[in-house]
Amino acid sequence: MGNAELERVYFDNAATTPVRDEVLEEMLPYFRERYGNPSSLYSIAGESKKAVETARERLANALNAEPGEIYFTSGGTESDNWAIAGTAERAAGKGRHLITSAIEHHGILNVFKKLEKNGFEVTYLPVDAEGLVSPEELEKAIRPDTILISVMYANNEIGTVQPIDDLAGIAAARGVPFHTDAVQAAGHIPIDLKKTKADMLSLSAHKFNGPKGVGALFIRKGKPLEPFLLGGHQEKGRRPGTENVPGIVGLGKAAALAVAEMPEESARLAALRDRLIDGILGGIPHTRLNGSRTKRLPGNVSVAFEFIEGESLLLLLDMKNICASSGSACTSGSLDPSHVLLAIGLPHEKAHGSLRLTLGRYNTADEAEYVLRELPPLVARLRDMSPLYKAGVKTMI
Amino acid sequence: MYSDKVMDHFTNPRNVGELEAAADVGVGLVGNAKCGDIMKVFLKIDDGIVTDAKFKTFGCGAAVATSSMATEMVKGHTLREALQITNKAVAEALDGLPPIKVHCSLLAEQALHAALWDYAEKNGIEIEGLESPAADLEELERLGEEE
């Protein structure tokens, strides 16, 4: 490839992904030609209704669930909010204790914070240095008044994949409802809801080349959950509001494609990921991998560079047309670095120097090599400017 | 998010480096690694005039840019004038900073003051209106030891 500058290297697929052509094509007729409201009686409404049900079947197949267990929502945040707030409202009479992990997405954490203000008690399970929740710790945290456990399937920042079968199995054995935020997992690693005893699972279409603004909540058959929105009879009255038909069609198509191509695509991404991890750790001193080497999403690279701050690095990468993300405070609007990086034991100053590269289906080996070539001088440039760094010092990590 | 001036001073920072310890060099170290910003400013002072300024900064784009701008602004000024360089003046010279980055410009002002304080201490003089810097020294010392 030579030393040419690439036009754009998009390594932020955990933030969002582009919509696939095949997905967009299936969606388009539902904006202007088949625009009927699925609840109406005439024939174009019937087409919309059918399209929604086809998407439901496709998504159910992708998760090995039943179509009747799929409820379409506006995305991951709504699904997460609904699962937690809806369970708490329904079960408040039985108990007021909830369990989650220290590394959840804010779509989860902020619901728990609100519940705490309203008199609920929340246990935040710690994670180990790789970001894993311990099934034994979960077992110990369950009390007679525990009404919900919510642990994410895979982490958005460090890519750690939880032992979700074990965790859900413990919850099931103890009779406590179990929810998992699978926003980063769905479409990327196999999910089998016949095998995994989760009662609820959240996902979002735009994380696997579907459109933004649409997601789903799986609710296992027969499991109670208070509605989050109030209104009409859509989604069996559990999630009212006129269906986002084009979005739902796109979600169904994207899920079907992702699952069909998963074995090949996840192996391809994992190879790119490992090339990047090895190249960065081998090529840049004073660098550590965040998260687990093996229990890791196929597209996630997260590293901490000592002595530098993440936002500066993102700005320099952007000048090389590389889109990435960081666990730095300066990208989040607060002074604290990512709660996930702190939870795995990184001291503040190292958490500030983290870089996340997340790969997707349009990324190539050439792009990985480009990043491996461009990154080391940028890190060196910032270190030369850093009062914490002296060339040749021993590692602090 | 950043003005062109901020990006210019971030990508081509002026005055990066250090000055060797000497009686005529004041060194200011401020900030906190926990918050993700540390600035170290060196001011060389001859006959009451700042004749050279250097910095090293660990921090975001705004932290680097304000360090660069503050060291540019201070050169050629008397000690009294140097003391008048406020965070607001630095931010304005950069065509403004996003609201969440205003603390970076405060740090630049503090770093200049700390360097002036250090110079005054070393030389047994008093600069009117200058107060002892309130850096998070414990944290900085801890990091220094680890190095």
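## The sheet of chain B

In what order do the 3 strands of the open sheet in chain B stand, and is their pairing parallel or antiparallel? In this predicted model, the order is β1-β2-β3, and the pairing is antiparallel. The edges of this sheet are taken by β1 (25–32) and β3 (49–58) of chain B, each of which has a single partner strand, so one side of each is left without a neighbour in the sheet. From one strand to the next, the twist averages 15 degrees.

Strand β1(B) pairs with strand β2 (residues 37–46) of chain B in the antiparallel sense over 8 bridges. Within this pairing, B:Gly31 has B:Ile38 in β2(B) as its bridge partner, while B:Gly28 stands opposite B:Val41 in β2(B). The hairpin of β1(B) and β2(B) has 4 residues between the strands, and in this hairpin B:Gly36 takes a positive phi near 85 degrees. Although β1(B) stands at an edge of the sheet, 6 of its 8 residues are buried, so β1(B) is largely enclosed by the rest of the structure. Helix α2 (residues 61–74) of chain B lies across β2 and β3 of chain B, and the direction in which α2(B) runs is at about 175 degrees to β3(B).

## The sheet of chain A

Chain A contains an open sheet of 7 strands, which follow the order β2-β8-β7-β6-β5-β3-β4 with mixed pairing. At its edges stand β2 (70–73) and β4 (121–125) of chain A, and because each has a single partner strand, one side of each is left without a neighbour in the sheet. The twist in this sheet averages 20 degrees from one strand to the next.

One of the pairings joins strand β6 (residues 178–181) of chain A to strand β7 (residues 200–204) of chain A, in the parallel sense and over 3 bridges; here A:His179 has A:Met200 in β7(A) as its bridge partner. Helix α4 (residues 76–91) of chain A packs on the sheet, where it touches β2, β5 (146–150), β6, β7 and β8 (215–219) of chain A, and its direction makes about 155 degrees with that of β7(A).

## Loop residues of chain A

Most residues other than glycine have a negative phi. A:Asn209, which is not a glycine, has a positive phi of about 65 degrees, and its place is in the loop between β7 and β8 of chain A. With a relative accessible area of 8%, A:Asn209 is buried. A:His286 is likewise not a glycine and has a positive phi, of about 55 degrees; it lies in the loop between α8 (245–283) and β9 (287–289) of chain A, and its relative accessibility of 12% counts as buried.

A further loop residue is A:Pro337, found between β11 (322–323) and α10 (339–343) of chain A. A:Pro337 counts as buried, at 5% relative accessibility.

## Salt bridges

Side chains of opposite charge can pair when their charged atoms come close. Over all chains, the count comes to 31 salt bridges. One of them is formed by A:Asp12 and A:Arg356, whose closest N and O atoms are 3.0 Å apart. A:Asp12 lies in the loop between β1 (9–10) and α1 (21–27) of chain A, and A:Arg356 in strand β12 (residues 354–358) of chain A, so the pair ties together parts that are 344 residues apart in sequence. Both A:Asp12 and A:Arg356 are buried.

Another salt bridge joins A:Lys194 to A:Glu66, with the closest N and O atoms 3.0 Å apart. Because A:Lys194 lies in the loop between β6 and β7 of chain A and A:Glu66 in the loop between α3 (43–63) and β2 of chain A, this pair ties together parts that are 128 residues apart in sequence. A:Lys194 counts as partly exposed at 41% relative accessibility, and A:Glu66 counts as partly exposed at 39%. A network of salt bridges links A:Arg20, A:Glu22, A:Glu261 and A:Arg361.

## A buried glutamate without a salt bridge

A:Glu367, in helix α12 (residues 365–385) of chain A, is buried yet has no salt bridge, and the nearest side chain of opposite charge, that of A:Arg268, is 7.3 Å away. A:Arg268 itself meets A:Glu265 in a salt bridge (3.0 Å, N to O), and these two residues both lie in helix α8 of chain A, 3 residues apart. The side chain of A:Glu367 reaches the backbone nitrogen of A:Thr364 at 2.9 Å. Leaving aside neighbours within four places in sequence, A:Glu367 is in contact with A:Leu6, A:Arg8, A:Val9, A:Phe11 and A:Tyr362.

Key:
Residues are numbered from 1 along each chain as its sequence is written. Chains are lettered from A and ligands numbered from 1 in the order in which they are written. This is a predicted model: local features need pLDDT of at least 70, side-chain atom pairs count only at pLDDT 80 or more; totals for chains, interfaces and linings use all residues. Side-chain values use heavy atoms; hydrogens and water are left out. Two strands pair if DSSP finds at least two bridges between them. Axes are lines fitted to C-alpha atoms, for helices over the stretch in contact, and angles run from 0 to 180 degrees between N-to-C directions. Contact means heavy atoms within 4.5 Å. Buried means under 20% relative accessible area, exposed over 50%, partly exposed in between (1.4 Å probe, protein chains only). Lys and Arg count as positive and Asp and Glu as negative; His and the chain ends are not counted. A salt bridge is a side-chain nitrogen of Lys or Arg within 4 Å of a carboxyl oxygen of Asp or Glu. A polar contact is a pair of N or O atoms within 3.5 Å; within protein, one must be able to donate a hydrogen and the other to accept it, and residues adjacent in sequence count only if both atoms are side-chain atoms.
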